[in-house]
Amino acid sequence: MYTFRQYASDDSFTNLTAIPSWVKKFQVTLAFAIDYNGDKSSQDGNFMPYWDTNKVTPSVIAQFKQAQKSFQIEVLVSIGDRNNKYPFAIGASQKQSWVNNATNSLKKIIKDYNMDGIDVYYEDIKSEGEVFVDSIGQLITNLKNEKVISVASIAPTSPLNTNFYFPLHQKYGNFIDTVVYQCFTETNRIGSIGDLMNLFDTLRGSYPRQKLLAGYSTISKDWATVSPPLYFFAVTQLLFMRKLEGTAIWVISDSSTREVTTTTSDSVTSFPKDWILELMSFTFNQPSKEASSTLHIE
């Protein structure tokens with residue numbers, strides 16, 4: 001039994017028609033909450049929702065949670081951004097002020113929307129590693145200690161994992177429940193199932209298997225280094241072998257009304273998110289037959 005996570009900016013998560021029996025937990029992660037000031041020139045820790053607040057309301061979340069009885073639902077707020085428009089860029093002297101403001105502003109969002117947790121998803125970090133680690137770590141610690149959240153996750157990318165996300169988990173791992181490694185951010189092309197499986201074998205040296213989700217995207221511009229068939233084959237085998245806790249999919253539609261990084265034509269999803277669940281359900285219902293780890297898929 002595994003976890004399935006969907007990153008969304010609208011109410012598309014309510015349209016999943018059938019959650020397969022292998023999913024024990026469905027996590028909806030709303031992207032993003034952003035803390036840049038009015039002229040978007042600097043961070044102050046005062047986060048605001050930048051998802052489609054007309055479509056995703058507290059009542060929509062409450063109804064979605066109440067309607068699902070066969071598996072656990074968790075809703076998280078994701079802080080960060082998917083490009084360099086809103087990087088994490090605070091200086092050492094701003095750290096405590098940022099942590100205080102971030103704690104208070106996120107506490108309000110989480111309570112207003114009846115959320116369960118927080119996700120940290122910065123693809124651009126300008127701060128020193130120690131500043132990022134301690135700022136994010138203290139924020140998560142505050143929200144956990146004040147019982148505002150029950151789950152905290154981080155979403156490492158390949159370029160930032162070693163210097164930022166791994167040290168964050170090393171120092172504050174007791175407060176971090178889930179690690180969503182975004183494998184589509186690999187800088188070098190992965191050409192075989194075995195290569196992708198080996199990548200997650202290596203990651204399990206840094207993060208516990210029971211925390212690790214394989215992150216992917218439905219957006220075609222994100223497929224440069226890991227193709228969809230390769231991801232499906234490799235991740236299915238990793239799940240069969242119990243080397244992953246689950247999967248996470250980036251699904252952002254053009255219906256978002258706020259000015260965020262995902263409101264461009266590039267954000268049109270290139271395959272339906274339901275296919276991921278359907279393909280994996282089909283595979284899970286077949287006799288376990290491990291795919292060749294040397295098979296190359298373009």
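The model is predicted, so local features need pLDDT of at least 70, side-chain atom pairs count only at pLDDT 80 or more, and totals for chains, interfaces and linings use all residues. Residues are numbered from 1 along each chain as its sequence is written, and side-chain values use heavy atoms, with hydrogens and water left out.

First, the outline. The chain has 7 helices and 9 strands; helices (H or I, at least four residues) and strands (E, at least two) are DSSP runs, numbered from the N terminus. Of the 298 residues, 57% are buried. Buried means under 20% relative accessible area, exposed over 50%, and partly exposed in between, with a 1.4 Å probe and protein chains only. A contact means heavy atoms within 4.5 Å. Among contacts with a separation of 6 or more, 78% are between residues 24 or more positions apart.

Next, the helix pair. Helix α5 (residues 193–203) packs on helix α6 (residues 228–240) at an angle of about 50°, and their axes are 9 Å apart. Axes are lines fitted to C-alpha atoms, for helices over the stretch in contact, and angles run from 0 to 180 degrees between N-to-C directions. That makes α5 oblique to α6, because angles under 35 degrees count as roughly parallel, over 145 as roughly antiparallel, 65 to 115 as roughly perpendicular and the rest as oblique.

From α5, Ile193, Leu196, Met197 and Phe200 meet α6 residues including Leu230, Phe233 and Gln237. In α5, the buried residues include Gly194, Leu199 and Leu203. The cover over the buried residues of α5 includes α4 (161–172), β7 (178–182), β8 (212–217) and α6.

Now some single residues. Where is Asp119 found? It lies in strand β5 (residues 117–122). Asp119 is buried, with a relative accessible area of 0%. Its side chain makes a polar contact of 3.1 Å with that of Tyr7. A polar contact is a pair of N or O atoms within 3.5 Å; within protein, one must be able to donate a hydrogen and the other to accept it, and residues adjacent in sequence count only if both atoms are side-chain atoms.

Lys147 is not a glycine, yet its phi is positive, about 60°. Lys147 sits in the loop between α3 (129–145) and β6 (151–154), and is exposed, at 73% relative accessible area.

Last, a cis peptide bond joins Ala31 and Phe32, with omega about -5°. Phe32 belongs to strand β2 (residues 23–36).
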